[in-house]
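Please walk me through this structure in plain terms, starting with its aromatic rings and moving on to its helices and strands.

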Amino acid sequence: MFYSRGRTLGVFMRLYSTWEYGLRKVVVGVDSLDVLRCIRNFDSSSGTSSLILHVQNLISCDWEVTTQNLFKEGNKVADRFARAVRLKDLGVMVHYRPRLDVVAMFQQDR
């Protein structure tokens, strides 16, 4: 099954940072049905990516994780972050304050 490595990495990073922050009830929105299917229907014997395995390991920790599909049209903020990551080396980016361009998007959406 084809899936987007970038979107899956985004799911992993969101889950990891949420776990590290100490939150124990989370809803993860994914705008790719292929990624969502891979995460929900994980089978370690199928040769699935190790990234999917890491996502599943996080989901199986002692917390409540719900996954849901988001429509791409309503996911402008995530797309903005995804574009920003493509321009930088892959690594962990933690934002303690919202980026100004993202704040502007939220304000326009009111």
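How many aromatic pairs does a search of the whole structure find? In this predicted model, the search finds 2 aromatic pairs. One of them is formed by F12 and Y16, which are stacked, with 6.0 Å from centre to centre and 25 degrees between the planes. Both residues belong to helix 1, where 4 residues, about one turn of the helix, separate them. F12 is buried at a relative accessible area of 18%, whereas Y16 is partly exposed at 38%.

W19 and W63 also pair: their ring centres are 5.1 Å apart and their planes stand at 80 degrees, so this pair is edge-to-face. It links distant parts of the chain, since W19 is in helix 1 and W63 is in the loop between helix 3 and strand 2, 44 residues apart. W19 is partly exposed, with 23% relative accessible area, and W63 is buried at 11%. R24 lies over the face of W19, 3.5 Å from the ring centre.

Next comes helix 3, which spans residues 50–59 and has L51, I52, V55, Q56 and L58 buried. Viewed down the helix axis, these buried residues fall within an arc of 160 degrees, so they line one face of helix 3. They pack against helix 1 (5–21) and helix 2 (33–40).

The last stop is N69, in strand 2 (residues 64–69). N69 is partly exposed, at 31% relative accessibility. Leaving aside residues up to four places away in sequence, N69 touches V30, D31, S32, L33 and L36.

Notes. Residues are numbered from 1 along each chain as its sequence is written. This is a predicted model: local features need pLDDT of at least 70, side-chain atom pairs count only at pLDDT 80 or more; totals for chains, interfaces and linings use all residues. Side-chain values use heavy atoms; hydrogens and water are left out. Buried means under 20% relative accessible area, exposed over 50%, partly exposed in between (1.4 Å probe, protein chains only). Helices (H or I, at least four residues) and strands (E, at least two) are DSSP runs, numbered from the N terminus. The arc is that of the directions from the helix axis to the C-beta atoms. Contact means heavy atoms within 4.5 Å. Rings of Phe, Tyr and Trp (its six-membered ring) pair if their centres lie within 6.5 Å; planes under 30 degrees apart count as stacked, over 60 as edge-to-face and the rest as tilted. A charge sits over a ring if NZ of Lys or CZ of Arg is within 6 Å of the ring centre and within 35 degrees of the ring normal.
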